[in-house]
Each structure stands twice: as C-alpha cells, then as structure tokens.
2 protein chains.
Amino acid sequence: MAVELADVERAAVRIAPFVDHTPVLRSRVLDAWLGAECFVKAEHLQRGGAFKFRGATNAVLSLSDEDARRGVAAHSSGNHAAALARAARARGIPAYVVMPKATTARKRTAVERLGAEITWCDDSLDARREALQGVLTRTGAVEIHPFDDERVIAGAGTAALELVAAVARLDVIVVPVGGGGLCSGTSIAAPGCRIIGAAPVDRRATVADGLRTGCSERTSAILRAHDVEFVTVAESEIEDARCSVWELARLMVEPSAAIAFGATRDAGLAGARVGIISSGGNVAPREPRVRRLSL
Amino acid sequence: MAVELADVERAAVRIAPFVDHTPVLRSRVLDAWLGAECFVKAEHLQRGGAFKFRGATNAVLSLSDEDARRGVAAHSSGNHAAALARAARARGIPAYVVMPKATTARKRTAVERLGAEITWCDDSLDARREALQGVLTRTGAVEIHPFDDERVIAGAGTAALELVAAVARLDVIVVPVGGGGLCSGTSIAAPGCRIIGAAPVDRRATVADGLRTGCSERTSAILRAHDVEFVTVAESEIEDARCSVWELARLMVEPSAAIAFGATRDAGLAGARVGIISSGGNVAPREPRVRRLSL
C-alpha cells in the first residue's frame, strides 16, 4: 500500500499534540547568498532537534494498544534513536535502542535520559542487525525503521505539509536525501511542487552524518514516482553552506541540513520561491570567541 | 515630549517596509531549563542581527528631507554603527560613523560594505565624542544617538509591540539593559505588562559587549515611570545562559542577548508566561566539532 497525501494529513493530526509546529524563517542576506527567495522550514528547532521526531511519533502512535504494549525498537546511532525514545515516552511504552559502541557521549546521554534501554554493539551493519534481532526476540518489541516504513514516511511528510500551508506558490522544495524518508514524505505532501533532493557526493564518508545511508526500494520507488530531481553537493560546499548559514542567517544547522542550502545555491534557482527543509540542528556548538573590546 | 505608545505604533508603520517582522520562537527544553513558559522574540534574526536596526530606521525615516540630505552620524563600535549605515542606505543618504581603532575587522567590514564613511579615533569616550563633533561640523550631518533619542526608543519598542500582538496574556517581558533604549521602548510598548531589565553586574567589564554603557537621564526616567524592575546577572551566568540557549534551543544569541535568559532563570518566574527579547546574534560562531562517526 503506497503512502498518499491523505496519510500525511492523518499523520499531521495524529502527531499534532506532541510535535512542534516549527516556524518558517526568512533571511534577506541568505536570499542574496542563495540567489532565490527562500523559506526555511526550521526543523532544527523541532523537539529533539530534528524532523525525525515526526516520523517516529507517527509510527508509535499508529500502533495498536496490544502492539504498543510490547514496546518499540531500532538500531541507530543518530537522531532516530532519540526520536524513537522520545515518541515511546510520550505514549508511555518501552523503547529499545541498539547503538554502536562508538556513539558519542552526547547522543548516549540524550537517549538514556529519555528512558530508552540501550544495547551496545560493534560498529558494523551486520553487528547492529544481529543485536537488534536479539532484542526483538527477547522483548517482542515492534521494529520501527528510521526511514523504510510507511508510517515514518508519512510522519516525515508533515514538515512539508506545514511548509506549503504557510507559504503560497512555492516553486520548489529542497530537502536532504539519505535514506530518503524525508524526501519521500515531502514529495507526497507537496504534489504540485518541484522537489530537489540534496545528496552528498560520497555518502560513506560525508561530514553530513545523518545522510550516511542509501535509499531503500520503497523510498527509491516513491522518489521516482514523484519525479524528484537530485543535486549532489561536494564536501567543501556542505561545509561552506553550514558556515554561511550560521554566519549570515544565524541558524544553527547541522551539516546534514546545510547540504540543502548548498544544493539550492548549486541548482540555479534564480528568482524562484524555494522552500528549504532545515532538517536538523544536532551539532555541538563550540564556544564562540569571547570579544572583550575596550569601549 | 515623552515617548508614548502611539509613537511606537507610528514607528511600526513607518519602518515596516524595511525591518523584518521577526518570529516568536518556542522551545520546550528551554522552558524546562528556565522554569517558565517562554516566548522568544528572535531579534537576533533581525536584519543586521540586532534590534538596533529598528531604532536607527525609525530615526532616519523621521527626518525631514532637508535634514536627511545632510546625512546621519554616530560614534559606535557596535551594532548601532551598522544599523545606522543600513538605515541610511535604505533612505539613500550618507552615514558617517566614528569608530575606535580597536573595532574588530568583522564589524569594520560590515559598516564599510553598507557604504558608511568611517572616521577612526582612539578608544576613550572623549576621543570618540571629539571625533564625532568634528564630523558633525564638517558635514552638517544629524547625530543619531544609539539610545538617548526618542525616535530610537520608539523604534526599539516595535519589537515588544510585535511580541504582545503575537502572544496573548504575557505576564512579564525580560529585556537586556545597557543604555536603556530597548528597555524603555519595551516598557512603553507593553504598558500592561511587568517589565524586567537584565543588566550585568559590572557593565564596564562585562562579556555582554552591547551593554557596556549606562542609562541616560531620558531612559532612566522612562524606566522609573514604568516601574521597570532590574535583575543583575553575574558574568558566569551570562556565559552559562549563552551556552544553554545555543545547546538547548539552538538559538545563536550573543552574550548581550543571553543575559535576558539568565535573568529569567534568576527571577523566580515559575509558571509565568514570559516574553524574552533576544536582542542580538552578532557573535562569530566558531567551527563546530566535526563528528565523523563510523556507522
């Protein structure tokens, strides 16, 4: 069963009490830099700092009471782990997260604070899958995949749904692509709109750590069906975009979000009305230089 | 002639074509940290990165054509210099700015790019005043003081006017106090509301470089007349607040803005609906730690 606009609309109603309606931000200096009229859907200000909470919440709330009681599980070292833990807490059910030992203390603490049970594993994808299978067998929990899941895709699409409701006559929406969940949901939520997916040149080694994964058959099929175009962005341009967005627009985006700004600059969208989904802000800000001027 | 609510309302209409209507941001983690329901008026996203552009624009647009033709002038090493240059450019008139030689390259470049003529001087207040007097004599320009000016105060008040229009039933508005322009304007714009001014303990040495000045007779009188309360915030708490606002709410505020968050935490506002004017974001962000996880 394919995900349809009505599924995204139902997801929006379902998750509304738990998820923040993030603002759409404008910045004239950013417009000048990008050469287009840009409307930034600030998902880096979403609860948990990323759009991931939308999909996880929709998936958790879609479960029957019987399924929900057993809890939910996923392997993730990124924003999905925290999003799932947060969504499970909102419903009052257990969350089981498999995390590689190399996960940063910052992310570990976030997931622990949200009350999830963590199972540690080695870094390889095989080790992660095996550990998750053990957790599923032991607990009977329901696996919630970070993107290869129709409920997650519908939930992710609610960001674009809010964007097109807030901004009339968008010509194009630019959105980061990793596993393709956000991009799939966006293409379904904004059917009349040109969609550009922003991807790193080499997803195995990119600084955009939220995008170090490929699309599944499901998300690939959705992106094809909606004529999504792709722009690849070089590592130097991702970093350049992140610095510019911080400096010019004072928006604290992570590289996986900055890539959409880089793609906008590359895509030749002069004069267009561009929606940009600023997908996450989970980056550790370093101390700014303290300026002690003598006045 | 005292500044009244009607002056702020007129200023809002006058500056509307030039000034951004900044968003009011919410953050649940920030609310939890501050122990109150907080509505952040994001003036750090204002054009030029600070509320200063509101007052400077109102002052410049209030001039008669004859006065305007001669240009405007001020001494400033901070956000007022850039704000005045930007406002003058919007009206197509000259701006003359006296800056101490110790001004950072970043600020110098900003003012130069906006087309202002810069006169360099030594750091002392006397040297700045003397240099400005020379400029005024030579050019016949109109001095626009950064805060001791009714047009500037009325313009600064438009931020609070937008805030109370956007958020019903605010119990209190917390606003940084240096020269008192923003705080004066806020107290005039939100007459039914309790106003708390957040000030550094030692304004001569504070990290909040936008607040290294004292109130004038004019602004002191306005603050007294509107029963503005004051909370002083220690340096360590200003820095702590800045870090927390960056980390928790992902808002890139400068120390002079962070102080209002610190004061909110100190003021014992449990359960209140609190408006916070996040007055500026002109801080040089350092590179964030690049996290290359193996996934």
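1. Buried means under 20% relative accessible area, exposed over 50%, and partly exposed in between, with a 1.4 Å probe and protein chains only. Helices (H or I, at least four residues) and strands (E, at least two) are DSSP runs, numbered from the N terminus. Contact means heavy atoms within 4.5 Å.

2. This is a predicted model: local features need pLDDT of at least 70, side-chain atom pairs count only at pLDDT 80 or more, and totals for chains, interfaces and linings use all residues. Residues are numbered from 1 along each chain as its sequence is written, chains are lettered from A and ligands numbered from 1 in the order in which they are written, and side-chain values use heavy atoms, without hydrogens and water.

3. Confidence. The model scores ipTM 0.84 and pTM 0.89.

4. One stretch needs care. Over residues 287-295 of chain A, pLDDT stays under 50. The model still gives this stretch 33 contacts beyond four places in sequence. Where pLDDT is low, the predicted coordinates should not be read in detail.

5. Overall form of chain A. There are 13 helices and 10 strands. The radius of gyration, taken over C-alpha atoms, is 19 Å. The C-alpha atoms fill a box of roughly 55 × 50 × 35 Å along the principal axes.

6. Packing of chain A. Of its 295 residues, 60% are buried. Among contacts with a separation of 6 or more, 69% join residues 24 or more positions apart.

7. Helix α3 (residues 52-62) of chain A deserves a look. It is largely enclosed by the rest of the structure, because 9 of its 11 residues are buried. The buried set includes the charged-type side chains K52(A) and R54(A), as well as F53(A) and N58(A). Its buried residues pack against α1 (5-15), β2 (37-42), β3 (72-75), α5 (79-91), α8 (150-156) and α9 (158-166) of chain A.

8. In chain B, S187(B) lies in helix α10 (residues 181-189). S187(B) counts as buried because its relative accessibility is 2%. Leaving out residues up to four places away in sequence, S187(B) touches I195(B), I222(B), H226(B) and V228(B).

Notes:
pLDDT is the predictor's confidence in each residue, from 0 to 100. The radius of gyration is taken over C-alpha atoms; the globule rule is 2.2 Å times the number of residues to the power 0.38.
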